[in-house]
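Subject: Structure handover

Hello,

Here is the structure I promised you. Please load it before reading on; my notes follow below.

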Amino acid sequence: MDIENYINEAIFDEENQHKCFYQLIWDNFKEIGFVITDEDGYEIDAVIKAVAMQNLIGEFAYRLYDEVNETGFEDVIEYIQNLGFDEEDIIGYCEESEEIEIDEDDFEATVKNALDYTTEIVADKMLEEFSADDIFDYMFTVTYAFEQDFTFEFEDYEELQAFVDTNHDQLDNYKEEYPSVMRWVESGMIC
């Protein structure tokens, strides 16, 4: 199975409104060799990183709109198992990292630890590649309905980028309206 197509169809297509953001970040991550490599277990790694991106958007929406962040370790397990990997493969992947805490008696806790750890890594990498202002602008734009101001659906991330570039002043106003969310982005987006 082509991991790139699988991630786009199974994970990123889940929430159409967020898809442009995922693709913008994912394409950048691909360019720098962060998400898809030729190492053993890269499929598992790629899936966890994709779900981590969902987790960050969910955490942003939770902080901004008080919506429940539903992305979790169950999604990781399902997506990885759909690729044909089993619990043993997932545990093996987790054991390769000294940073992921393994709970030998609780598979789900181990997967949750892997997702939490990976979410922090993905957040750090996003902040290395994009400014905190840009991340806020992208996340805000793809999560906010803009019903009072305007309605816009993006065909691709180039349209998202163009929208952000041309609405900088309005997006800066939202940063002032939600300073705690901006501080969360600036401080590393720890969930």
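Of the 191 residues of the chain, 48% count as buried. Keep in mind that this is a predicted model.

The accessible surface comes to about 10000 Å². Carbon and sulfur atoms account for 38% of that surface.

Now the overall shape. Along its principal axes, the C-alpha trace spans about 50 × 30 × 25 Å. The radius of gyration is 17 Å, which agrees with a compact globule, because 191 residues packed that way would give a value near 16 Å.

Secondary structure is quickly told. The chain has 10 helices and zero strands. Read from the N terminus, the elements run α-α-α-α-α-α-α-α-α-α. Take the contacts between residues at least 6 apart in sequence: 69% of them join residues at least 24 apart.

The largest nonpolar core holds 63 residues. Helix α3, residues 42-65, supplies the largest share of this core, with 12 residues. Which residues have the most contacts inside the core? They are F21, V47, M126, M139 and M189.

M189 deserves a look on your screen. Leaving aside neighbours within four places in sequence, M189 is in contact with L56, A123, M126, L127, I135, M139 and W184. Two of these partners, M126 and M139, are also on the list of residues with the most contacts inside the core.

Last, charge. There are 8 positive and 55 negative side chains. The centres of the two sets lie 6 Å apart.

Best wishes

Conventions
Residues numbered from 1 in each chain as written. Predicted model: local features only at pLDDT ≥ 70, side-chain atom pairs only at ≥ 80, totals over all residues. Heavy atoms only, no water. Core = buried A, V, L, I, M, F, W, Y, C linked by side-chain atoms within 4.5 Å. Buried < 20%, exposed > 50% of the residue type's maximum accessible area, 1.4 Å probe, protein only. Helix = DSSP H or I, 4+ residues; strand = E, 2+ residues; numbered from the N terminus. Contact = heavy atoms within 4.5 Å. Rg over C-alpha atoms; globule rule 2.2 N^0.38 Å. Areas by Shrake-Rupley, 256 points an atom, 1.4 Å probe, with all protein chains shown as cover. Lys, Arg positive; Asp, Glu negative; His and termini not counted. Charge placed at Lys NZ, Arg CZ, Asp CG, Glu CD.
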